[in-house]
Amino acid sequence: MRRVLLDRSVLLMRGLKGDTAAIGNVCPHRFASLSEGRFERDLVECPYHGLRFDMSGQCVHNPHGDGRITERARVASYPLVERHGALWIWLGDIMAADPARIPDLCLLETTDPTDRAPGYLLTKANYQLLSDNILDLSHADFIHPATLGTGGEIAGTKARARLEGDIVTVEWAFTGKGMAMERSLRDGAEVDSRFEVTWYPAGVMILRNDVGPVGEGEPAAKRAGVHIMTPETSRTTHYFFENADAGRRKKLALALDVFEREDGVVLEEVQRNMGDSDFWDMEPLILSSDSGAILARRVLQRLIRRERARSATASHPPQKARLSQPF
Amino acid sequence: MRRVLLDRSVLLMRGLKGDTAAIGNVCPHRFASLSEGRFERDLVECPYHGLRFDMSGQCVHNPHGDGRITERARVASYPLVERHGALWIWLGDIMAADPARIPDLCLLETTDPTDRAPGYLLTKANYQLLSDNILDLSHADFIHPATLGTGGEIAGTKARARLEGDIVTVEWAFTGKGMAMERSLRDGAEVDSRFEVTWYPAGVMILRNDVGPVGEGEPAAKRAGVHIMTPETSRTTHYFFENADAGRRKKLALALDVFEREDGVVLEEVQRNMGDSDFWDMEPLILSSDSGAILARRVLQRLIRRERARSATASHPPQKARLSQPF
Amino acid sequence: MRRVLLDRSVLLMRGLKGDTAAIGNVCPHRFASLSEGRFERDLVECPYHGLRFDMSGQCVHNPHGDGRITERARVASYPLVERHGALWIWLGDIMAADPARIPDLCLLETTDPTDRAPGYLLTKANYQLLSDNILDLSHADFIHPATLGTGGEIAGTKARARLEGDIVTVEWAFTGKGMAMERSLRDGAEVDSRFEVTWYPAGVMILRNDVGPVGEGEPAAKRAGVHIMTPETSRTTHYFFENADAGRRKKLALALDVFEREDGVVLEEVQRNMGDSDFWDMEPLILSSDSGAILARRVLQRLIRRERARSATASHPPQKARLSQPF
């Protein structure tokens, strides 16, 4: 399977024993895409002239002339870890790959695996714009008035954002009628609502929502979902999401519909309005609801600078900064 | 209503009392398009996070946290005048906006307003190429041989062009069989024909056509139409046009059909052949029929230079020159 | 008829006496495409303002005003030769045009002309990538396993490439079961096969294939075909091809189908993977099967350098190198 990640064409493979690997997808001979060739017995064959590569990216078969294989006959191999039902790839300096930085998403494994229903959308907007969207839930009051919106209750609540290490948490707690789509179930009675988004670099978020009787402290319903933004290019994003609680399949349909028809339309319009301009160069007006998103953008900026500095020190050619990215 | 004018996204509004206004269409907070939000009671609400702006571009409602509104919470406001059934906008230095420079198009108001039938086409060619087309009517003999063309009579007549202030007038007067589509009505008899195009910067033209018995001086039929070219981008143009005399609706259908199938096809091909090259850099061959178009291009060049110089003097950052543009 | 050749829009004409000519397709007056106008009695009329040009590119009729024709009223004229059922154009320095460099394709004229069946495909890949494809026939074993492929026999045979002047010949000779689509006809018996590709600059190839009983020397079947690659732009190619032996029409259908569904798909993917990168800058891995293609690329590089040097000496403005190109 081929995926473009950070502008690079990457080939993802699953071997006979279930092991996974990620290698460069462009054949070093005549630049055909390996993903268009056959994958058999853990070897991929280039569709153009039949060179075969193993899952480490090494050429192991040359059907031409005397069949010699030179040292250069290989493609890049990328560190890859399978965890929480996702593959996590590192496209930066191989020495800096650190699986310990993969966020803990065990909450996805608490229900029957056959019930898991992950969603995916390719969105024509930068991955930071998609993270901003989740980190400022007040948008729901305006973009999703009939479903996830609270009629201004989230927007009117001051968001509390905090930073621990490289992790940003933003929280809204209020008493009110709650989400529009649940109001009829309660005959309009008020509840205590709490929303919390935890963001991990470069674009993984856990969104928790607790609802309970007013003043009781202990929520009657706890819900959670995971949102992962992986850059395809600087202007397009692989958006992966999954609810973590029971009834996932039904919720998936709602999430797909709501995001595609509502958030996606706005975010792609924002990207068109921004063009290739830098976010900060456009001097955005900052509102109180932006606190979480701004913290996350600053963490990312710091990590990108640090990685660039490290590359420079190591006498590497300067390159586009890359951060741990799931896909 | 949103329109892109001179590469800028502009929001046009009509208030409860019928007043009109034009403001920047991109929200200063997260760059969503205000035109995609609700417009109620003279306020537009951003579809993403619900900021509301009045018709002067000022933010008057912030639904987030304590609702504070800072001085920067506003979008640009553009001078706008409604006249002759059109809205006239000025996107340049606000001090230089001058409604007196809007051309007099009273001729559009001489017939029953319910009969008015304005035409509109978005054309993939620079606005000056569209003005050139009207300013050199000889093209009709070749592009519209079966309708507006005169079988070479206009082309064979020397165009007389003159400049008064910033206004260019070009005129053709000849005795002959006239326009192809009217010949059968006269059984082929000759008539005196007069065509006159008056051009106002940056792209407004009145086209008059008088036809009368040979040698009588007083025309039996007087017709007029207005053609307005407003740049959307450097390679696309909003083309507005309207006939000024009775029977407009029928004529509109002909004009739409003729322009779209004939002029538009040629002009978009010219734009493709030119690419992003400057007109003068391509060293065009000049014919006698070009006199009006060349005069108009020189006026425009002078006005653009003057406006650039003024901006420079005023210590403004250098910017793309902008001229009074209707839309 | 209009063709874009080496990024230039060219008008091809056939006169009343059957003579052919190639001139610039963009009118020097207002840059309309002459190909969209009428062509009558060996004159082409510009569709926009009616200037008429003869087959040498000279304007001979100006319907405007006094009808004067200035010296500049002309478009470029390109040397053109009709030979072997094709038109051969030279877009470079006119003094360097040399019809003697047109390859001898008399083999196309050995059968009944009514049986000739030339094929054409516009392919979204650089012309050198298309030549590389023919010059390394080993690709057939992988791209065309069910038809032209030999199940690894060509790939396993060392290609012998040689250079004579500017002409490259590459040859494969082996004993085996031959092409997949012919095996059933021989009940799987082995044959002696010989494939030979002769390449002429900038992209003309003759592909010969002889098959005969093992060890007899004299082939029972001799086949040949011509493949011509003419650049449209740096990333698109006019691909012309024709079989030279009997039964051409049937073979044409196979060739069109095989190229479009198999080679074309791979080559366009290669072009996308390369983007605008230079072939050598991408440091391709070289296999033994590349010998012919590499020789041809070196000849081309040498000819382009020589033509550039000649242009520089002649005090011409530096321009994109152009080589004799059929179309």
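Two residues count as in contact here when they have heavy atoms within 4.5 Å. By that rule, 21 residues of chain C touch 28 residues of chain B. This is a predicted model, in which local features need pLDDT of at least 70 and side-chain atom pairs count only at pLDDT 80 or more, while totals for chains, interfaces and linings use all residues. Residues are numbered from 1 along each chain as its sequence is written, chains are lettered from A and ligands numbered from 1 in the order in which they are written, and side-chain values use heavy atoms, with hydrogens and water left out.

- pLDDT is the predictor's confidence in each residue, on a scale from 0 to 100. Chain A has a mean pLDDT of 90, and 94% of its residues reach 70 or more.
- Residues 316-327 of chain A are another story, as pLDDT stays under 50 there. The model still gives that stretch 49 contacts beyond four places in sequence.
- Where pLDDT is low, the predicted coordinates should not be read in detail.

**How the copies are arranged**

- Two copies of a chain are related by a rotation about an axis and a shift along it.
- Chain A goes onto chain C with a rotation of 120 degrees and 0.1 Å of shift along the axis, at an RMSD of 0.1 Å. That is how a three-fold axis relates its copies. In chain A, Asp276(A) has the C-alpha nearest the axis, 12 Å from it.
- For chain C on chain B, the turn is 120 degrees, the shift along the axis is 0.0 Å and the RMSD is 0.0 Å. Asp276(C) has the C-alpha nearest the axis in chain C, at 12 Å.

- Chains C and B bury about 2,100 Å² between them, with 58% of it on carbon and sulfur atoms.
- On the chain C side, Arg30(C), Phe31(C) and Tyr48(C) lose the most area to chain B, and together they make up 38% of what that side buries.
- A salt bridge here is a side-chain nitrogen of Lys or Arg within 4 Å of a carboxyl oxygen of Asp or Glu. Three of them cross between chain C and chain B. Arg30(C) also has a salt bridge with Asp132(B), at 2.4 Å from N to O.
- A polar contact is a pair of N or O atoms within 3.5 Å; within protein, one must be able to donate a hydrogen and the other to accept it, and residues adjacent in sequence count only if both atoms are side-chain atoms. Chains C and B have 14 residue pairs in polar contact, both residues being at pLDDT 80 or more.

**The A–C interface**

- Here chain A brings 21 residues to the contact and chain C brings 28. The buried area is about 2,100 Å², and carbon and sulfur atoms give 58% of that.
- Arg30(A) and Asp132(C) meet in a salt bridge, 2.4 Å from N to O.
- There are 14 residue pairs in polar contact between chain A and chain C (both at pLDDT 80 or more).

**Salt bridges overall**

- Over all chains, the search turns up 72 salt bridges.
- Arg2(B) pairs with Glu36(B), with the closest N and O atoms 2.8 Å apart. Arg2(B) sits in strand E1 (residues 2-5) and Glu36(B) in the loop between strands E3 (20-24) and E4 (39-40) of chain B, so this pair ties together parts that are 34 residues apart in sequence.

- Helices (H or I, at least four residues) and strands (E, at least two) are DSSP runs, numbered from the N terminus. The bend at a residue is the angle between axes fitted to the seven residues ending there and the seven starting there.
- In chain A, helix H4 (residues 248-274) has a kink of about 40 degrees centred on Phe259(A). Gly275(A) follows H4(A) with a positive phi, near 60 degrees.
- The peptide bond joining Pro201(A) and Ala202(A) is cis, with omega about 0 degrees. Ala202(A) lies in the loop between strand E14 (191-200) and strand E15 (204-212) of chain A.
- Asp42(B) is not a glycine, yet its phi is positive, near 65 degrees.

Terms used. Least-squares fit on C-alpha atoms with pLDDT ≥ 70 in both. Buried area = accessible area lost by both parts, 1.4 Å probe.
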